[in-house]
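Please read the following points with the sequence and the structure open beside you. They are written for someone who is new to looking at models of this kind.

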Amino acid sequence: MLQYVLRRLAYSVIVLFVASFLVFTFVAKTGDPLAALRLNPRISEQSVENIKERKHLDDSVFVRYGYWVNDAFTNGFGTTVLGDRPILPDLWRVMKHTLQLVIIAELLAILIAVGIGVYSALRQYSVFDYTATTFSFMGLALPVFWFALMLQVGVVYLKDWTGYNIFPIASLSSVDPGTGIHFWIDRAHHLVLPVIVLMIASIATYSRFMRASMLEVVNSDYVRTARAKGLTEKRVTMKHAFRNALIPLVTLVAINFGALLGGAIATEFVFSLDGMGLYYISALNQNDPYPVMAWLMVTATLIILFNLIADIAYGYLDPRVRYD
Amino acid sequence: MVQSTVQPGAVGGADPSIASAPITSEAELAFEAGVELKARSQWSYARTRFFRHKAAVVSLAVLIFFAIVAIFAKQIAPYGYDEIDLEHIDPITGIARSPRLDGHHYLGTDQLGRDYLSRIIYGIRTSLWVAVFVAILATVIGTAVGAISGFYGGHVDNILMRITDLFFTVPGLAILLVAAVYLGSDDSEITEINLPFTSAAIPLPFTIPIYQPMKIGIILAFLFWVALARVVRGLFLSLREKEFVEAAKAAGASDMRIITRHILPNCVGPIVVFTTLIVAGAILTEAFLSFVGYGIQPPNAALGKLIVDGQSEGFTLWWLVVFPGLAIFLIAMCINFVGDGLRDALDPTQRRSR
């Protein structure tokens, strides 16, 4: 087991290096992060040259990548080209915001999806089952950013109509959120719409998965044995079937969670939430390789870690699984 | 005479009374038993199963409708994509006219007085074009890589699977955005091939025109082939151990022949189902890319771009946001249903989980 984990980790380091080099090359060759400065008449040619010199923008990609690796290991991913902002503190801030959003949304999604999935499986081909299936098909086909916009439009029209603004449609906090409990109430109020958006996609996926997994378990031999022993139906479904049906879901949720920590890009973009996804998009807009790379490294590491967690959890929950 | 359909191979145990005569074919056997045997191909069974799936059939009809609209956009769209009509201005909202059923602009017009129905039709045209392009490209690459990887195993398999690992580790959408920025946002022409990491370039004797949506298509295909390659590899791994492959090998068939004529036909079902998933994924992803501003660029029409253009005033002009999104949603949902129907039809071994 330990050997398996170590081998996976060692291998992941190689993958990270290859990925980082490729992405660095792409971003570095794409555009000029100083384009905005050059257009500004108040900034002299000399100061642009100075930044260029300091950030080694004229060197070859290999040399620049070398500087980046050095910065990544010794200097917390370095600083941005424009404004010389240290990257790591910014990254922690947006990470916290994304965590708040993703954890709430995923927890609610799991609870709802497990309920829907189990009930659909137990009442297969019932009206509820068909309705749930249809809705999950709709959820999977829903463009996330459009759904977010629709909610915003709905809230705005409701405000025009009733004169009452039920939910804020953008950002994480009010201008003056207050402190302590007031701050958190305000934050929760702002997170309602983003959480709904994020939940829908997850519920659609998880409930389908849960239903399939539950169906498989319910039709298995040991459940029939449990029934034959004369256990109550409740005990059979809850103790025998349900617990085992949850195992595959753990894997899916862990992997999905890891990916979402890189930011629910669409949701954060539409609601302009100061999270990982928005951070990434704005870094990309500025053609600045350093924040893009920092984001990529953190996100890729998280994805690798959560994939590993998924594997280990699966092996722990299902002793039949062996690693070699 | 009893009319019935018998699945080939199903007539295994013959009636003892007629077993004395040497029976050569199933048709003969059925004739002796007084049954008219109607030969039905696998495709015929698949078709029957597909048409039993009501939602899939309805979805297919809707998709065909959208496809016709897309193909004949120039004939069907009441106005041009960029045609400005200032004669039918809305008394309340001004140039942007809300949708109403009086014969002009059924879906309203945008802020510049351009017919929104026409714009959406052209948007659907581009979206479907890109999606089909992505599906074909990703399916060809994914199938080829998966087949080679699964059939040969060993070092080839190792290298190819490590490449796909790379794709699974790095967040796909992020790579997509970077690649979209890298490839640029204009229609362009390839006149020379740049050698990687150097400034040297090999001039081409001819120019290859690159239509900008095609760039987006290439990027998306680059993202989507990976999962399919894994699926095909898995199928090949199990099928290459089967007896019929061994028989083909013993008969002296070449590797190429075994792959294309013996194993691949057995993978068609899962590949087709997966391809439909790719189409739906491509439409949704392309719309998002265009929405964020890295996708299809004007003057090419794109549904995602329509949404982001409408968003600036979308909170007062609701139709600018609602209709293009609805089109994306409908298309993606129909494709998913058709995919589900195809799964039932082509993959009968898979337990029906509906």
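How are H2(B) and H12(B) oriented to each other: roughly parallel, roughly antiparallel, roughly perpendicular or oblique?

1. Helix H2 (residues 42–52) of chain B packs against H12(B) at an angle of about 140°, and the axes of H2(B) and H12(B) are 8 Å apart. An angle has to be over 145 degrees to count as roughly antiparallel, and H2(B) and H12(B) are therefore oblique to each other. The crossing in which H2(B) passes H12(B) is right-handed.

2. The residues that make this contact can be picked out on both helices. From H2(B) come Ala46(B), Arg49(B) and Phe50(B), and they meet Gly341(B), Leu342(B), Asp344(B), Ala345(B) and Leu346(B) in H12(B). By type, the residues of the contact of H2(B) with H12(B) divide into five nonpolar, one polar and two charged.

3. A second pair of helices in chain B may be read in the same way. The axes of H7(B) and helix H8 (residues 212–239) of chain B come within 10 Å and cross at roughly 150°. Because angles over 145 degrees count as roughly antiparallel, that is the term for H7(B) and H8(B). Their crossing is right-handed.

4. In this second contact, Gly172(B), Ile175(B), Leu176(B), Ala179(B), Ala180(B) and Leu183(B) in H7(B) meet Lys215(B), Ile216(B), Ile219(B) and Leu223(B) in H8(B). The residues of the contact of H7(B) with H8(B) divide into eight nonpolar, one polar and one charged.

5. For chain B as a whole, the secondary structure comes to twelve helices and four strands, and buried residues make up 38% of its 354 residues. If one takes the contacts in chain B between residues at least 6 apart in sequence, 67% of them join residues at least 24 apart.

6. Chain B also touches chain A, with 34 residues of chain B in contact with 40 residues of chain A. On the chain B side, at least two residues each are supplied by helices H6 (154–169), H7 (172–183), H10 (255–292), H11 (303–311) and H12 (318–346) of chain B. The largest share of that side, nine residues, comes from H12(B). The residues of the side of chain B that touches chain A divide into 26 nonpolar, six polar and two charged.

7. Two residues of chain A deserve a careful look at their backbone angles. Most residues other than glycine have a negative phi. Tyr125(A), however, has a positive phi of about 65° although it is not a glycine, and its place is in the loop between helix H5 (87–122) and helix H6 (127–141) of chain A. Tyr125(A) is exposed, with 10 other C-beta atoms within 10 Å. For Ser272(A), phi is near 35°, which is also a positive value in a residue other than glycine. The loop between helix H11 (265–270) and helix H12 (276–285) of chain A holds Ser272(A), which counts as exposed with 12 C-beta neighbours inside 10 Å.

8. Finally, the confidence of the prediction should be kept in mind for chain A, where the pLDDT averages 85 and 98% of the residues score at least 70. Among the elements of chain A, helix H2 (residues 35–39) of chain A has the lowest mean pLDDT, 70, and H5(A) has the highest, 92. Where pLDDT is low, the predicted coordinates should not be read in detail.

Definitions and conventions. Residues are numbered from 1 along each chain as its sequence is written. Chains are lettered from A and ligands numbered from 1 in the order in which they are written. This is a predicted model: local features need pLDDT of at least 70, side-chain atom pairs count only at pLDDT 80 or more; totals for chains, interfaces and linings use all residues. A residue is buried if 20 or more other C-beta atoms lie within 10 Å of its own, exposed if 12 or fewer, and partly exposed in between; C-beta atoms are placed from the backbone. Two residues are in contact if their C-beta atoms, placed from the backbone, lie within 7 Å. Ala, Val, Leu, Ile, Met, Phe, Trp, Tyr, Cys and Pro count as nonpolar, Asp, Glu, Lys and Arg as charged, and the others, Gly among them, as polar. Axes are lines fitted to C-alpha atoms, for helices over the stretch in contact, and angles run from 0 to 180 degrees between N-to-C directions. Angles under 35 degrees count as roughly parallel, over 145 as roughly antiparallel, 65 to 115 as roughly perpendicular and the rest as oblique. A crossing is left-handed if the near helix is turned anticlockwise from the far one by less than a right angle, and right-handed if clockwise. pLDDT is the predictor's confidence in each residue, from 0 to 100.
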